[in-house]
Amino acid sequence: GEGDPTDNTVAFHRWASDASREPGCLAALQYAAFGLGNTQYEHYNSMGKWVDARLSALGARRLAPLGLGDDDGDIDADFESWRAS
């Protein structure tokens, strides 16, 4: 809810946040990101948005638009809709 990485993504967040990472260092990476969040929180889906922006900034190629799931609604339907697009 505060926009911080979850426990299982702290190491990745630290790695990706490192200012010494060169633009283009992830040029060989293709990715799709679906964030999980709740619109009741101030920082709705901030990590999903951050991951998408950071991977792109490091040169990775987005395979699908960023998906945003809302746990305050029907997160499964959000995912299925994103997956079908």
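This report describes the fold, a helix pair, the core and several loop residues of a predicted model.

## Overall fold

The protein has 3 helices and 4 strands. From the N terminus, the elements follow the order α-β-β-α-β-β-α. The C-alpha trace spans about 40 × 30 × 20 Å along its principal axes.

Of the 85 residues in the protein, 26% are buried. Contacts can also be sorted by sequence separation. Among those with a separation of 6 or more, 76% join residues 24 or more positions apart.

## Helices H1 and H2

Helix H1 covers residues 10–17, and helix H2 covers residues 46–57. The two pack at an angle of about 40°, with their axes 11 Å apart.

On the H1 side, the contact uses Phe 12, His 13, Ala 16 and Ser 17. On the H2 side, it uses Met 47, Trp 50, Val 51, Arg 54 and Leu 55. By class, the residues of this contact are 6 nonpolar, 2 polar and 1 charged.

## The nonpolar core

Which residues form the largest nonpolar core? There are 8 of them: Leu 26, Tyr 31, Ala 33, Met 47, Val 51, Leu 55, Leu 58 and Ala 60. H2 gives the most to this core, with 3 residues. In soluble globular proteins, nonpolar side chains tend to be buried together.

Met 47, Val 51 and Leu 55 belong to the core, and these residues also take part in the contact of H2 with H1. Leu 26 is another core member. Beyond its neighbours within four places in sequence, Leu 26 is in contact with Trp 15, Leu 55, Leu 58, Gly 59 and Ala 60.

## Asp 52, a buried residue in H2

Asp 52 lies in helix H2. Is Asp 52 buried or exposed? Its relative accessibility is 9%, so Asp 52 counts as buried, because buried means under 20%.

Asp 52 touches Tyr 31, Arg 62 and Leu 66, leaving out residues up to four places away in sequence.

## The loop between S2 and H2

Strand S2 covers residues 34–37, and Asn 45 sits in the loop between this strand and H2. The phi of Asn 45 is near 55°. That is a positive value in a residue other than glycine. With a relative accessibility of 5%, Asn 45 counts as buried. Apart from neighbours within four places in sequence, Asn 45 is in contact with Gly 35, Leu 36, Gly 37, Leu 68 and Gly 69.

Thr 39 lies in the loop between S2 and H2 as well. Its relative accessible area is 40%, and Thr 39 is partly exposed. Neighbours within four places aside, Thr 39 is in contact with Tyr 44, Asp 70 and Asp 72. Thr 39 and Glu 80 are 41 residues apart in sequence. In space, their C-alpha atoms are 18 Å apart.

Gly 59 is placed in the loop between H2 and S3. At 30% relative accessibility, Gly 59 counts as partly exposed. What does Gly 59 touch, not counting residues up to four places away in sequence? The partners are Gly 24, Leu 26 and Ala 27. Gly 59 is 29 residues from Gln 30 along the chain, and their C-alpha atoms are separated by 9.3 Å.

Leu 63 is in the loop between strand S3 (61–62) and strand S4 (67–70). Leu 63 and Gln 30 are 33 residues apart along the chain, with their C-alpha atoms separated by 6.3 Å. Excluding neighbours within four places in sequence, Leu 63 is in contact with Gln 30 and Tyr 31. Tyr 31 also touches Asp 52.

Notes
Residues are numbered from 1 along each chain as its sequence is written. This is a predicted model: local features need pLDDT of at least 70, side-chain atom pairs count only at pLDDT 80 or more; totals for chains, interfaces and linings use all residues. Side-chain values use heavy atoms; hydrogens and water are left out. Axes are lines fitted to C-alpha atoms, for helices over the stretch in contact, and angles run from 0 to 180 degrees between N-to-C directions. Contact means heavy atoms within 4.5 Å. Ala, Val, Leu, Ile, Met, Phe, Trp, Tyr, Cys and Pro count as nonpolar, Asp, Glu, Lys and Arg as charged, and the others, Gly among them, as polar. A nonpolar core is a set of buried Ala, Val, Leu, Ile, Met, Phe, Trp, Tyr and Cys residues joined through side-chain atoms within 4.5 Å. Buried means under 20% relative accessible area, exposed over 50%, partly exposed in between (1.4 Å probe, protein chains only).
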